[in-house]
Amino acid sequence: MMMLFYSAAAIAVIATLAVISSANVVHALVYLIISLLSVAVIFFVLGAPFAAMLEAIVYAGAIMVLFLFVMMMLNLGQATEDEEKAWMKPKLWIGPGLLTAVLFVQLSSVLLTQEHALAPVEVGVLEISLLLFGPWLLAVELASMLLLAGLIAAYHLAKR
Amino acid sequence: MLRLIKDTLISQVVTLWRVFVHAFAKTDTVEYPDVQPQMAARWRGRIILSRDPDGEERCVACNLCAVACPVDCIALQKTEDEEGRWYPEFFRINFSRCIMCGFCEEACPTNAIQLTPDFEMAEYVRQDMVWEKEDLLINGTGKYHDYNFYRVAGKKIRGKDKGEALNEAPPVNVRSLLP
Amino acid sequence: MRFEVGSALSIGAILFTVIIVAAMLIWVERRLLGLWQERLGPNRVGPFGLLQVVADMIKIFTKEDWVPPFADKFSFILAPPIIMVVILMSFSVIPFAPGVGVIDSDIGVLFVLAMASLGAYSVMLGGLASNNKYALLGSLRAAAQMVSYEVFMGISLLGVVALTGSFNLREIVLAQSDGWYVVPQFVGFVIFLIAGVAESHRLPFDIPEAEQEIVAGYHTEYSGMKFGMFFVGEYLGVLLISSLLVVLFCGGWLGPAFLPPIVWFALKTAFFIAFFILLRAAIPRPRYDQLMNYGWLFLLPLSLLNLLLTGAFILWQGGM
């Protein structure tokens with residue numbers, strides 16, 4: 001389990017770096033999918049199989065498909081790739097890089113001071129649904145209403 | 001709603017059933033190399049040159065077949081023997097061009113060129129697709145058993161003078177005034 | 001979390017069997033189509049043409065494996081293995097018989113759905129990387145079709161999941177020992193069947209590769225073994241959907257005791273495979289907008305209604 005966790009984490013980090021540095025949009029998207037899937041593996045290792053599967057179904061399976069779908073219709077060619085490459089200049093990297101470094105230091109200091117052993121606690125489907133439809137029922141209903149509003153709006157737009 | 005269910009479900013199920021029933025029908029396939037197919041007598045296959053009932057070549061080298069041929073696959077040269085009969089010096093059909101349309105058979109005035117139900121004409125060497133007169137001639141009359149061009153035509157050959165053909169009146173002496 | 005993995009030998013045996021069966025399906029499909037179209041089908045290579053698969057494999061392996069110079073090489077090579085891997089991964093949660101199976105997982109149904117949704121990438125990346133108008137059109141259609149029909153597939157399954165109270169496919173099978181779910185969940189069964197055909201883009205719904213309109217759709221530019229992977233992937237999909245139908249709705253390995261459980265499973269799966277081929281033989285391809293309208297305006301409300309009624313029934317029976 002430990003090995004699985006660290007390898008999945010390493011894949012996630014490398015894939016995410018590739019997302020940022022890749023000039024071709026489609027390649028970046030493929031790396032993003034890989035990153036999401038390895039995060040799903042991490043969820044699984046940490047004892048949340050339901051969350052892992054939802055990550056794979058919703059993020060990697062549905063949202064990224066829509067991204068790719070849009071990308072297909074944009075007709076991106078060599079010009080976009082060149083533009084992307086031009087943005088990869090070190091001058092433009094310095095600012096965001098510094099800010100991210102500060103964030104990284106903060107995050108690692110928080111993580112290092114706290115005691116968090118890798119001790120998987122089982123969170124199955126039943127526990128999640130008891131929580132969602134018990135104490136958090138109102139939040140679930142509100143979220144579903146928001147989704148319903150989105151659905152109706154999409155239907156209205158599609159009807160025209 | 002009922003209409004939709006009828007269109008989307010019932011009719012599809014009926015289609016599925018009707019196609020399924022075909023499983024019990026006899027197959028139409030003829031397993032060709034193992035089972036020889038029954039060819040119709042009028043099938044337009046390999047071209048032959050036939051002989052008349054006397055055993056002579058029917059072809060009189062009139063070139064009508066070569067003219068009728070839409071792909072120009074027939075080549076022949078006319079020659080004449082000492083008796084006055086016309087016959088082809090060579091007769092060549094390029095079967096790699098032939099489209100088996102049968103126009104040559106329709107054009108032939110002497111029923112010499114005929115199409116047969118034989119269709120197995122594949123060759124390994126392309127040059128072998130060109131057939132000469134020796135390859136094309138058969139020892140028979142083909143589809144028309146009694147037809148003999150020189151016995152019904154007015155042309156004079158050895159053994160048959162003018163007016164001696166079937167259904168032919170003797171020649172009229174145009175310089176005479178007698179009836 | 002119950003999470004039992006079978007031995008390496010059984011995993012290898014299942015993988016081998018699944019791939020061999022999927023390859024044999026090419027022959028089975030051609031013979032059955034012949035049967036229903038009053039033809040014979042391939043019967044030359046070996047007895048009854050059984051070795052046709054070997055001939056096809058030799059042909060496809062020795063063909064030139066060509067990557068077009070205008071294609072995006074990375075995605076082009078990546079796309080075909082995805083569909084094979086994803087569908088073979090789905091087989092890991094299928095319970096073939098008591099004790100026969102790769103993983104006994106509590107999230108089996110979700111895992112299958114996740115893998116099915118990832119399968120869309122194969123088609124999309126393949127079409128996008130080909131840099132070809134027909135391929136792009138095919139993969140656009142495939143993306144819309146697969147994403148849409150995934151929704152109904154998931155919702156139609158939820159009735160079964162609710163009746164069992166578990167996502168574990170093995171428990172779903174065991175819960176059917178009193179009666180198959182095809183009776184109480186008939187609507188879900190039909191929706192799952194239709195969505196399954198659309199999901200594996202098999203013939204009535206093979207709009208992504210409609211030969212008469214867009215050459216070969218998303219795999220227009222593919223040749224050799226890359227095409228072979230798409231091809232075998234399609235048959236693996238048929239096998240997967242058939243075995244899922246058996247597991248979820250038709251009692252899996254359950255059956256009268258005079259045959260061993262694995263034989264019952266195989267027989268039921270074979271029945272559904274034959275049904276898929278009959279669908280291909282009988283039903284013409286709908287238009288693309290008809291397919292989408294049918295899905296969103298007919299199947300979605302129907303599947304939601306089915307779920308609602310199932311939930312109401314469970315509440316009523318539970319006496320809550």
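1. Helix pair in chain C. Helix 7 (residues 186-199) of chain C and helix 11 (residues 288-318) of chain C have axes that come within 9 Å and cross at roughly 145°. Axes are lines fitted to C-alpha atoms, for helices over the stretch in contact, with angles from 0 to 180 degrees between N-to-C directions. Helices (H or I, at least four residues) and strands (E, at least two) are DSSP runs, numbered from the N terminus. The crossing of this pair is left-handed, that is, the near helix is turned anticlockwise from the far one by less than a right angle.

2. Basis. This is a predicted model: local features need pLDDT of at least 70, side-chain atom pairs count only at pLDDT 80 or more, and totals for chains, interfaces and linings use all residues. Residues are numbered from 1 along each chain as its sequence is written, while chains are lettered from A and ligands numbered from 1 in the order in which they are written.

3. Chain C overall. Chain C has eleven helices and two strands. From the N terminus on, its elements run β-α-α-α-β-α-α-α-α-α-α-α-α. Its radius of gyration is 20 Å, close to the 20 Å that the globule rule gives for 320 residues, so chain C is as compact as a globular protein of that length. The radius is taken over C-alpha atoms, and the rule is 2.2 Å times the number of residues to the power 0.38. Along the principal axes, the C-alpha atoms of chain C fill a box of roughly 65 × 45 × 45 Å.

4. Burial and contact range. Of the 320 residues of chain C, 50% count as buried (20 or more other C-beta atoms within 10 Å of the residue's own, C-beta atoms being placed from the backbone). Take contacts in chain C between residues at least 6 apart in sequence: 78% join residues at least 24 apart. Contact means C-beta atoms, placed from the backbone, within 7 Å.

5. Chain A against chain C. The contact takes 19 residues from chain A and 23 residues from chain C. On the chain A side, helix 2 (25-45) and helix 3 (49-74) are the elements that give two or more residues. Helix 3 of chain A gives the most, with twelve residues.

6. Helix 2 of chain A. This helix has 21 residues and reaches 30 Å from its first C-alpha to its last, close to the 30 Å expected at 1.5 Å a residue (1.5 Å times one less than the number of residues). Helix 2 of chain A is mostly covered, with 15 of its 21 residues buried. A:Gly47 follows helix 2, and its phi is positive, near 90°.

Note on methods: Two residues are in contact if their C-beta atoms, placed from the backbone, lie within 7 Å. A residue is buried if 20 or more other C-beta atoms lie within 10 Å of its own, exposed if 12 or fewer, and partly exposed in between; C-beta atoms are placed from the backbone.
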